[in-house]
Amino acid sequence: MPKLKVYRTPAGFHDAYVAAPSQKAALAAWGSDANLFARGMAEVVTDPDLTREPLAHPGEVIRVARTMADAPDSPAPKPAPRRARSDAAARKPPPKPKAKPSRAALDKAEAAIEAAEARYAEERAQLKREEEALAARRRALDKAQAAERTKLDRARIQARDAYDAALDDWRRD
């Protein structure tokens, strides 16, 4: 059986202790998805008075109310130390805010897109007009062809009738 260690993390006004074989097992017992040890929010406890009860109940989370005496030992994050300012730095006025970036290039690009779209729309409209004109010419051509074909077919029928009649006369003679 692996050796148990006692781990502690703050949980509201309490400290949560657990006796586990590894940090991963302690995080699982606390139900944490985040690595509290890497964040400095959990630690190993070596004080025999604090480890007695968790070692008696391994794997079980033991909650103990935190007191002011416990505060220095708790793994709560400490604020970053402030740097002292020199008198020159204290007198320096704060930097001015940056000017709002210019939108001119974006407006120009959007205008170019709109102009191109309008140009292509006009070209499409012109092509549609030309297609309609060609369709009308085709219909007129088809109508003229049909009329001429009818006239030519009638002439051919008359010529065939005349030929057949002449051929019949020739055979009789």
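These legends accompany close-up views of a predicted model. Local features need pLDDT of at least 70 and side-chain atom pairs count only at pLDDT 80 or more, while totals for chains, interfaces and linings use all residues. Residues are numbered from 1 along each chain as its sequence is written, and side-chain values use heavy atoms, leaving out hydrogens and water.

**View 1. The four-stranded open sheet has the order 3-1-2-4, with antiparallel pairing.** Strand 3 (43–45) and strand 4 (62–65) stand at the edges with a single partner strand each, so one side of each lacks a neighbour in the sheet. From one strand to the next, the twist averages 35°. Strands here are DSSP runs of E, at least two residues, and helices are runs of H or I, at least four residues, numbered from the N terminus; two strands pair if DSSP finds at least two bridges between them.

**View 2. Strand 1 meets strand 3 in antiparallel fashion, through three bridges.** Look for valine 6, which stands opposite valine 45 in strand 3.

View 3. Glycine 31, with a positive phi near 75°, follows helix 1.

Definitions and conventions:
Axes fitted to C-alpha atoms, helices over the stretch in contact; angles between N-to-C directions.
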